[in-house]
Amino acid sequence: MITNELNLFKIAEIEVKYSTKIKASDRIKVSTSCAAAYAFRELWSQSMEYKESFYAMYLNRNNRILGIHKVAEGGLTGTVVDIRCVFQVALKANACSVIVAHNHPSGNEIPSEADKTITRKIKEAGLTLDIPLLDHLIMLPGDGYMSFADEGLI
């Protein structure tokens with residue numbers, strides 16, 4: 001009997017949930033790298049100068065922000081980003097596109113080879129899932145940032 005067989009196993013229930021109290025018409029629209037950088041800065045913690053963090057911004061079909069999620073936090077000179085974690089949240093939020101950002105506490109705006117590699121991998125995964133990567137920003141202490149899209153690196 002199937003019922004008795006199932007009782008022998010403990011099976012976890014998986015819940016997938018995204019909720020917001022922000023009306024669609026009130027969500028911020030992102031149409032430039034500057035607007036994306038401003039939105040990231042609004043939620044970024046004060047630790048921008050002390051340790052590297054990686055965030056993802058999820059957008060609806062009209063490029064309005066569904067939400068921002070901290071994907072990873074590391075040390076002074078780097079952080080490890082799991083691409084699956086970027087897209088777990090994208091799928092939960094029914095995102096149509098994503099913009100990612102990480103900070104360089106040193107203030108150096110030049111992307112490292114690791115920065116370029118993770119950008120390429122996120123872009124490829126996004127194409128497979130039909131959730132395109134629109135930009136990758138390197139946030140600098142103060143008001144500065146570098147946009148992969150603006151520099152033609154995406």
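View 1. Just after H4, Asp-130 takes a positive phi of about 60°. The model shown here is predicted. H4 itself runs over residues 113-129.

**View 2. Helix H4 from end to end.** H4 has 17 residues. At 1.5 Å a residue, they should span 24 Å. The end C-alpha atoms of H4 are 24 Å apart, which agrees.

View 3. Which residues of H4 are buried? They are Asp-115, Ile-118, Thr-119, Ile-122 and Gly-126. Seen down the axis of H4, these buried residues fall within an arc of 105°, so they line one face of the helix. On the other side of H4, Glu-113, Leu-127 and Thr-128 are exposed.

**View 4. The cover over helix H4.** What covers the buried residues of H4? Two strands that take part are E1 (53-59) and E3 (97-103). Strand E4 (133-139) is also part of the cover. So is helix H3 (83-92).

**View 5. Helix H3 and its buried side.** In H3, the buried residues are Val-86, Phe-87 and Ala-90. Around the axis they cover an arc of only 80°, which puts them on the same side of H3. The buried residues of H3 pack against strands E1, E2 (65-73) and E3, and against helix H4. Just after H3, Asn-94 takes a positive phi of about 55°.

**View 6. Helix H3 against helix H4.** Two packed helices are described by the angle between their axes and the distance between the axes. For H3 and H4, the angle is about 40° and the axes are 10 Å apart. H3 passes H4 in a right-handed crossing.

**View 7. Residues where the two helices meet.** From H3 come Ile-83, Val-86 and Phe-87. They meet Ile-118, Lys-121, Ile-122, Ala-125, Gly-126 and Leu-129 in H4. Val-86 and Phe-87 are among the buried residues of H3. Ile-118, Ile-122 and Gly-126 are among the buried residues of H4.

**View 8. The whole chain, for orientation.** The chain holds four helices and five strands. Along the sequence, they follow the pattern α-α-β-β-α-β-α-β-β. Of the 154 residues in the chain, 36% are buried. Now take the contacts between residues at least 6 apart in sequence: 67% of them join residues at least 24 apart.

Conventions. Residues numbered from 1 in each chain as written. Predicted model: local features only at pLDDT ≥ 70, side-chain atom pairs only at ≥ 80, totals over all residues. Heavy atoms only, no water. Expected span 1.5 Å × (residues − 1). Buried < 20%, exposed > 50% of the residue type's maximum accessible area, 1.4 Å probe, protein only. Arc of directions from axis to C-beta. Contact = heavy atoms within 4.5 Å. Axes fitted to C-alpha atoms, helices over the stretch in contact; angles between N-to-C directions. Left-handed = near helix turned anticlockwise from the far one by under 90°.
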